[in-house]
Amino acid sequence: MKGATNPQSFDRIVREVFAPIYPIIAEQIVTKTAIKSGKCLDAGCGTGALGRAIARITNLDITFFDQSDEMLELAKGYANDENIGNRSTFLQGDIHAIPLKDESVDIVISRGSSPFWDDWYKAYSEIIRVLKPGGMTYIGGGFGNAQLREDIVKTMSENNPDWRNSFKDRLKPERDALPSILASLNPIGYELVNDDSGFWTIITK
Ligand SMILES: C[S@@+](CC[C@H](N)C(=O)[O-])C[C@H]1O[C@@H](n2cnc3c(N)ncnc32)[C@H](O)[C@@H]1O
């Protein structure tokens with residue numbers, strides 16, 4: 001299963017190494033979109049760290065969505081521990097056929113999952129289908145800021161000297177493909193951010 005070969009070891013990395021990035025990315029999402037209530041889909045949520053961080057600073061109800069049941073079980077445990085279980089839903093499925101109704105979601109967030117999607121045209125069509133008119137996305141990958149990225153690269157490289165190369169250009173094929181995909185899906189607007197915060201696709205339906 002792509003992007004979830006070992007949920008237990010991914011969970012440990014999120015807790016021990018990636019943890020500081022999620023509150024920063026959540027702040028960046030709220031600053032950029034100003035969406036603080038309604039329904040948020042965390043697509044490819046893994047253990048739910050980004051969705052949980054955004055739940056803490058907004059009134060959003062979060063649908064934690066992943067292809068991996070094991071990731072979703074971990075996400076559920078954390079959401080309950082953090083007392084956001086009453087605003088959380090857990091949904092198993094594939095981004096290429098999202099099991100949600102048309103125009104049912106206010107914001108789709110996703111970090112570190114899109115490089116594993118097989119068909120970006122289909123995935124982004126589905127994302128736009130489930131968004132309400134005026135809804136937005138914040139989809140891509142990043143580590144919050146340059147300092148955190150460098151700290152994480154250093155820590156991860158201690159165990160795997162090739163780690164920097166393994167993630168460095170992971171988003172490039174998607175980055176290259178997105179302008180024509182988005183031109184053909186033709187949402188109201190979109191912005192492709194590519195800076196120290198990472199690479200993010202911000203769509204407004
Ligand atoms: C690297 S993890 C990132 C998890 C989380 N967003 C984070 O930043 O901590 C990628 C996640 O995407 C999920 N994923 C990959 N392809 C998917 C697909 N086609 N549909 C749904 N989830 C997918 C994997 O199961 C995995 O949990």
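**Exercise 1. How do the axes of helix α5 and helix α8 cross, and which residues make the contact?**

*Solution.* Start with the axes, which are lines fitted to C-alpha atoms over the stretch in contact, with angles running from 0 to 180 degrees between N-to-C directions. In this predicted model, α5 (residues 120–130) and α8 (residues 172–185) have axes that come within 10 Å and cross at roughly 50°. That makes α5 oblique to α8 (under 35 degrees is roughly parallel, over 145 roughly antiparallel, 65 to 115 roughly perpendicular, and the rest oblique).

Next, the hand: this crossing is right-handed, meaning that the near helix is turned clockwise from the far one by less than a right angle.

Now the residues. From α5 come Trp120, Tyr121, Tyr124, Ser125 and Ile128, and from α8 come Glu174, Ala177, Leu178, Ile181 and Leu185; contact requires C-beta atoms, placed from the backbone, within 7 Å. By class, the contact of α5 with α8 has eight nonpolar, one polar and one charged residues.

A word on conventions: residues are numbered from 1 along each chain as its sequence is written. Local features need pLDDT of at least 70 and side-chain atom pairs pLDDT 80 or more, while totals for chains, interfaces and linings use all residues.

**Exercise 2. Describe the crossing of α2 and α3, and its contact.**

*Solution.* Take the axes again: those of α2 (residues 21–33) and α3 (residues 49–57) come within 8 Å and cross at roughly 60°. That makes α2 oblique to α3. The helices pass in a right-handed crossing.

On the α2 side, Tyr22, Pro23, Ile25, Ala26, Glu27, Ile29 and Val30 take part, meeting Ala49, Leu50, Ala53, Ile54 and Ile57 of α3. The residues of this contact divide into 11 nonpolar, no polar and one charged.

**Exercise 3. How many residues of α3 are buried, and what do they pack against?**

*Solution.* First apply the cut-offs: a residue is buried if 20 or more other C-beta atoms lie within 10 Å of its own, exposed if 12 or fewer, and partly exposed in between. Seven of the nine residues of α3 are buried, namely Ala49, Leu50, Gly51, Arg52, Ala53, Ile54 and Ala55. Their packing partners are α1 (7–18), α2, β1 (39–43), β2 (61–66), α4 (69–81) and β4 (105–111).

**Exercise 4. Is Ala34 buried or exposed?**

*Solution.* Locate Ala34 in the loop between α2 and β1. Then count: Ala34 has 8 C-beta neighbours inside 10 Å, so Ala34 is exposed.

Conventions: Helices (H or I, at least four residues) and strands (E, at least two) are DSSP runs, numbered from the N terminus. Two residues are in contact if their C-beta atoms, placed from the backbone, lie within 7 Å. Ala, Val, Leu, Ile, Met, Phe, Trp, Tyr, Cys and Pro count as nonpolar, Asp, Glu, Lys and Arg as charged, and the others, Gly among them, as polar.
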